[in-house]
Amino acid sequence: MIGLPRQIFLEEAALKRLKDIPEGRVLILSDRTTYRIAGKRAERILKNRKPETRIISDGLKLKARAEWIVAVGGGRIIDYGKLLALKNKAELIAVPTAPSHDGIFSPTITLPDLNLFSKPAKPPFWVIADLEILREPPE
């Protein structure tokens, strides 16, 4: 059986869909570049939910007090989000900043820096693919 996201939002200004995340704590995950591109906007949209934000740089704490992980970025960030969701029994919302990878929908985790290759995981609960963001992916 192949798992698929429950819902895929592929539209202009799709990021606004974050306000519809079901109840529960929210953690936003990004790197410095994707935080500037979309993570900061995600924080503003979710400000009433008081999300925690983590910027991935040299590593990742695998403990999270959240029911919802919002991974804003490319394949690496989304795979870190899948791992964090898996370890904490949370749901993942993938917010891709580039359309050039398959990690957006994939039910596997590949993180060579953690020596993980094709580790089974759940696919994202939602994919929020904002066309305004995807038109200008980071280098």
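Predicted model: local features only at pLDDT ≥ 70, side-chain atom pairs only at ≥ 80, totals over all residues.
## The largest nonpolar core

The largest nonpolar core of the structure contains 24 residues, and within this core L29 and I69 touch the most other members. Several elements each supply at least two residues of this core: the strands β2 (26-30), β4 (68-73), β5 (91-96), β6 (108-111) and β8 (126-130), together with helix α2. The greatest contribution comes from α2, which gives 6 residues.

The surroundings of I69 can be listed in detail. When neighbours within four places in sequence are left aside, I69 is in contact with L27, A64, G81, L84, A85, A90, E91, L92 and I93.

## A second core

Apart from the core described above, the model has a second, separate core of 19 residues. Among the members of this second core are W68, V70, V95 and I128.

## A residue of helix α2

Helix α2 spans residues 75-88, and N88 is found in this helix. Is N88 buried or exposed? The relative accessible area of N88 is 18%, and N88 is therefore buried, since the term applies to values under 20%. Residues up to four places away in sequence not being counted, N88 touches L62, K63 and A64.

## A nonpolar patch on the surface

Nonpolar residues also occur on the surface, where I8, L10 and F105 form a patch. Together, these three residues have about 290 Å² of accessible area.

One of them, L10, lies in strand β1, which covers residues 7-11. L10 counts as exposed because its relative accessibility is 57%, and exposed residues are those over 50%.

Methods: Residues numbered from 1 in each chain as written. Heavy atoms only, no water. Patch = residues over 30% accessible without salt bridge, like charges linked within 9 Å, V, L, I, M, F, W, Y side chains within 5 Å. Areas by Shrake-Rupley, 256 points an atom, 1.4 Å probe, with all protein chains shown as cover. Salt bridge = Lys/Arg side-chain N within 4 Å of Asp/Glu carboxyl O. Helix = DSSP H or I, 4+ residues; strand = E, 2+ residues; numbered from the N terminus. Buried < 20%, exposed > 50% of the residue type's maximum accessible area, 1.4 Å probe, protein only. Contact = heavy atoms within 4.5 Å. Core = buried A, V, L, I, M, F, W, Y, C linked by side-chain atoms within 4.5 Å.
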